[in-house]
Amino acid sequence: MPTDTKTALLDSAERATRTRGFDGFSYADLSTDVGIRKASIHHHFPTKAALSIALMERYYNDLKAVCEEIDASHDTGGARLSALINRYRTALEGGKSLCLCVSFSTSCESLPGEVIAKIGHFREMIIAWAETVFAAGQTDGSIAHVTDPAVEASAMLPLLEGAQLAARVNENPALFDSAVRILTQRL
């Protein structure tokens, strides 16, 4: 089934943001990638700020659905944490990409306040979900040494994001694995 133009633009912009950063592409790049005129892009996203807002909204909804799917398909807190770690590792695409939120964070000076707020909202959602994961892992014994699920969850997200950045800079996913070993050894 063919993708509609707006979705194709969002897909192209997300790929570009994840690999080159939000400041690393223009509407001319999207025009070439999607095969439409730049003026047509402005019909869907009048400004790059509007595009960034749409990207972050879609990303939030996608990751919220991923967390729901992880909950539905994994019985233990440890299995859920492992699934999230694997999701962040997969987003590296061999060290050539970052998750959208991390990539946006590297361009925060260029982002509208609404996107910065959406990034904060995204992080709150992931941390709240991770708190339930650590609490489950504490209860079912699948995550070792959990003393405070809220503290664990608050530390987990920056660890995953920093691990992505380290791996991306060197295009070496092994650096991600090394950084998150502090979590994976507890599973």
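Predicted model: local features only at pLDDT ≥ 70, side-chain atom pairs only at ≥ 80, totals over all residues.
## Salt bridges between helices

Side chains of opposite charge can pair when their charged atoms come close. The structure contains 12 salt bridges. One of them pairs Asp-11 with Arg-58, with 2.7 Å between the closest N and O atoms. Asp-11 belongs to helix α1 (residues 5-20) and Arg-58 to helix α4 (residues 48-73), so this pair ties together parts that are 47 residues apart in sequence. Asp-11 is partly exposed at 27% relative accessibility, whereas Arg-58, with a relative accessible area of 18%, is buried because the cut-off for that class is under 20%.

Arg-89 and Asp-177 form another salt bridge, in which the closest N and O atoms are 2.5 Å apart. Since Arg-89 lies in helix α5 and Asp-177 in helix α9 (residues 173-184), the contact ties together parts separated by 88 residues in sequence. Arg-89 is partly exposed, at 32% relative accessibility, and Asp-177 is also partly exposed, at 27%.

Glu-171 is partly exposed, with 41% relative accessibility.

## Positive phi in loops

Glu-93 is not a glycine, yet its phi is positive, at about 45°. This residue sits in the loop between α5 (77-90) and α6 (100-105). Its relative accessibility of 52% places Glu-93 in the exposed class.

His-145, likewise not a glycine, has a positive phi of about 65°. The loop between α7 (113-140) and α8 (149-169) holds His-145, which is exposed at 68% relative accessibility.

Definitions and conventions
Residues numbered from 1 in each chain as written. Heavy atoms only, no water. Helix = DSSP H or I, 4+ residues; strand = E, 2+ residues; numbered from the N terminus. Buried < 20%, exposed > 50% of the residue type's maximum accessible area, 1.4 Å probe, protein only. Salt bridge = Lys/Arg side-chain N within 4 Å of Asp/Glu carboxyl O.
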